[in-house]
Amino acid sequence: MKTQILPSLLAADFGRLADEILRAEASGAEALHLDVMDAHFVPNLSFGPDVVALAARIAPGFYRNVHLMMTRPDLYLDAFAKAGAQTIQIHVEADCDIHTQLKRIRTMGLKNAIVINPETPVEHLFPYLDEIDEALVMTVHPGYGGQKFIEDCMPKVETLRRMRPGLDIMVDGGINAETALIAAKAGANQFVAGSYLFKQADMKSAVDAMRTGVSR
Ligand code: DX5
Ligand code: ZN
């Protein structure tokens, strides 16, 4: 299973967004995580397809992993695909037909992923396990960066890893050098980190250290 570290752009300095995207790319992280919030599915607004397009323009070789925290992701899949999303992640709690939307994402030539919130039982993912490229287990209640890692979400990671040994399993929320180890032990192989990585003066060392730690 390939380890991936994904800086979350939500924690970047938005006054220097282009430089921050380039800094994340130069860190050697495998992909950029882009958090889209609609102020309905979560109580916050972040950014839309234009920021994905900015990343595609200034760092075309840096993989774009787009996390849609939206009640109706189905209405925006085309816009994010056009903007340059490469993986699109939709929530199992979204208000649309999930099977259909997962299929649409693949039909557009992109990778798909299903995301599960802390309060949603892991069983809700079971119907989709043969239709996804990755599963994202939220380790905070989505909506804001800088929250505390919820360790109670780890049994979900363990269950998914047991059921699908080869599946890419991502964790997102409150991830730092220590919590990444806890998630790796449970079976995660992809790690999103926002505030922890962007606050580093030397992001590359932090990414290297996190990757080495979780790969042991
Ligand atoms: C939470 C977002 C996360 C967030 C992570 O709503 O989905 O991707 O940016 O930020 P940190 O790593 O600061 O918890
Ligand atoms: Zn996210």
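I began with the shell around ligand 1 and asked which element gives the most to it; β2 has the largest share, three residues. The model I am reading is predicted.

I then listed the elements that give two or more residues to this shell, and found β2 (31-37), β3 (63-69) and β8 (190-193).

Next I looked up the residues themselves. There are 20 around ligand 1, and those that come nearest are Asp-35, Gly-143, Asp-172, Gly-194 and Ser-195. I sorted the shell by class and got eight nonpolar, ten polar and two charged residues.

I went on to polar contacts with oxygen atoms of ligand 1. For Asp-172, I read 2.6 Å from a polar side-chain atom to a ligand oxygen. For Gly-143, the contact is through a polar backbone atom, at 2.7 Å from an oxygen of the ligand. For Ser-8, an N or O atom of the side chain is 2.9 Å from a ligand oxygen.

How much of ligand 1 does the protein bury? I found that the ligand taken alone exposes 380 Å², of which the protein buries 99%. I also checked the pockets: the space that ligand 1 takes is the largest pocket.

Last, I turned to salt bridges and noted ten in the structure. I looked up one of them, between Glu-30 and Arg-211, where the closest N and O atoms are 2.9 Å apart. Where do the two partners sit? I placed Glu-30 in the loop between α1 (17-26) and β2, and Arg-211 in helix α8 (residues 203-215). The two are 181 residues apart, so I logged the pair as a link between distant parts of the chain. Side chains of opposite charge can pair when their charged atoms come close.

Definitions and conventions
Residues numbered from 1 in each chain as written. Chains lettered and ligands numbered in written order. Predicted model: local features only at pLDDT ≥ 70, side-chain atom pairs only at ≥ 80, totals over all residues. Heavy atoms only, no water. Near = heavy atom within 4 Å. Polar contact = N/O pair within 3.5 Å; in protein donor to acceptor, adjacent residues only side chain to side chain. Areas by Shrake-Rupley, 256 points an atom, 1.4 Å probe, with all protein chains shown as cover. 1 Å grid on protein atoms, 1.4 Å probe; cavity = no way out; pocket = protein on both sides within 12 Å on 5 of 7 lines; lining within 4 Å. Sits in = over half its atoms within 2 Å of the grid points. Helix = DSSP H or I, 4+ residues; strand = E, 2+ residues; numbered from the N terminus. Nonpolar A, V, L, I, M, F, W, Y, C, P; charged D, E, K, R; others polar. Salt bridge = Lys/Arg side-chain N within 4 Å of Asp/Glu carboxyl O.
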